[in-house]
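Dear colleague,

Please find below the structure that I am handing over to you. My notes on it follow.

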Amino acid sequence: MRDTRSRFRCLFLVLLVGGLCGSVPASAQDAAAKFSTWTKVEAAVETRDYKDKLRDGGAKTVLDTMAAVARDGDAERVVRVNAMLLVAELRAKDNRPLPAAAPVLAAAASDVRQPLEVRIAAAAGLARHAEAAKAGGDMDAIAKAVGPALVPMLTGDPKTGPAAAIDWLAGRGLAIMQALGPKTGSKEALAAADRILGDGSRSIDVRVRAAAALGAAATANAGVDAARAVESVRGVTITGLEADLAAAERLRMERRVAGGTGQPGGQPAAAPNNEPTIPTLACRRNAWRLAVCADAIEGADGAAGLASLLGNAAAPAKELAASLRKAAAGLDAHPDEQSVVEALEKLGKPVAGAAPAANRPARPAAGEPPQEEPPKGDPASPFDTGSPFGP
């Protein structure tokens, strides 16, 4: 396996160097022979010529050549993906993403004829451009370059291809919308995000990202039904919490059966409950979801989000945002099943069969020191390190 990875690295460098200099070996076998070791790569005439070209104004040379490799339908897909990743990594002298790369990335991400792997690599680069613009770059220029790519990125149907890949591509498009905010501009892109948020067949996390995108980008004239979107936000948070409770119940049953406490045709006996039924990271994933959805409804400064589009009817939406934040803080402070139950109660969805609040173990409120030392190796809070799923 290690040798295979090394050959791929050498082959990619061969294609990079040879593509720039017009001297790609005729086959992978020729490449492997000519560049079989790193010493041979460094000593090659092609490497020297490549360095000379970089000194003569190289970033555009790399951009044009790698864009051509990424579009080449005859090239191996791993080569095409790596070529697009290199385009995404190109930087200007100020160490920001190279502006000239944005239109190239947008064209690739929006081209439904390209393999999903190539489109995803391009989308990752576009997200970096959007984040850099948000941090102080030229928002108008990036929005103009990226805008045309958003609708094709958001309208893929998971039923027609690998659902995880299509959702990932949509997630990057939604992250770009969130970073650009009102600069996104396109009513079609906002409508696509709205459809994802309300689509119960889509993954929960891509729907959460759709909520975040709408909260950041929707404006009064965008044509988004803010009241319906707020209700969809509430629905997706409840769906995520209920899914984890259902998984916890299945796990309890499996433990009872595995422990030999269940009898055929009868009710299984109680199982030991000293092991968590919902993993800590799953609870913190829900904490992240709830916090993101709270910001989608009403930003921390109270001046943004879907509630701002509701005018005098915004009070219930703001109350929901406050409930989501409180539930998120509770899950972050105490990532366990009891906090999931309490989060659902805060959202007006009591859990049948749950112990009454008065009978539950007392514990510190969110923000207070824990009564016991947390177990070693416990995952860090997403509120300290960001989402466990990346930007």
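The term pLDDT denotes the predictor's confidence in each residue, on a scale from 0 to 100. For the protein chain its mean is 80, and 74% of the residues reach 70 or more.

This is a predicted model, in which local features need pLDDT of at least 70 and side-chain atom pairs count only at pLDDT 80 or more, while totals for chains, interfaces and linings use all residues. Residues are numbered from 1 along each chain as its sequence is written, and side-chain values use heavy atoms, with hydrogens and water left out.

Two stretches call for caution. Over residues 262-271 pLDDT stays under 50, and the model has nine contacts (heavy atoms within 4.5 Å) beyond four places in sequence for them. Residues 369-391 also stay under 50, with 33 contacts beyond four places in sequence.

With regard to helices (DSSP runs of H or I, at least four residues, numbered from the N terminus), the axes of α13 (residues 226-258) and α16 (residues 337-346) come within 10 Å and cross at roughly 145°. Axes here are lines fitted to C-alpha atoms over the stretch in contact, with angles from 0 to 180 degrees between N-to-C directions. Among the residues making this contact are Ile-238, Leu-241 and Leu-245 of α13 and Val-340, Val-341 and Leu-344 of α16.

Yours sincerely

Terms used
Helices (H or I, at least four residues) and strands (E, at least two) are DSSP runs, numbered from the N terminus.
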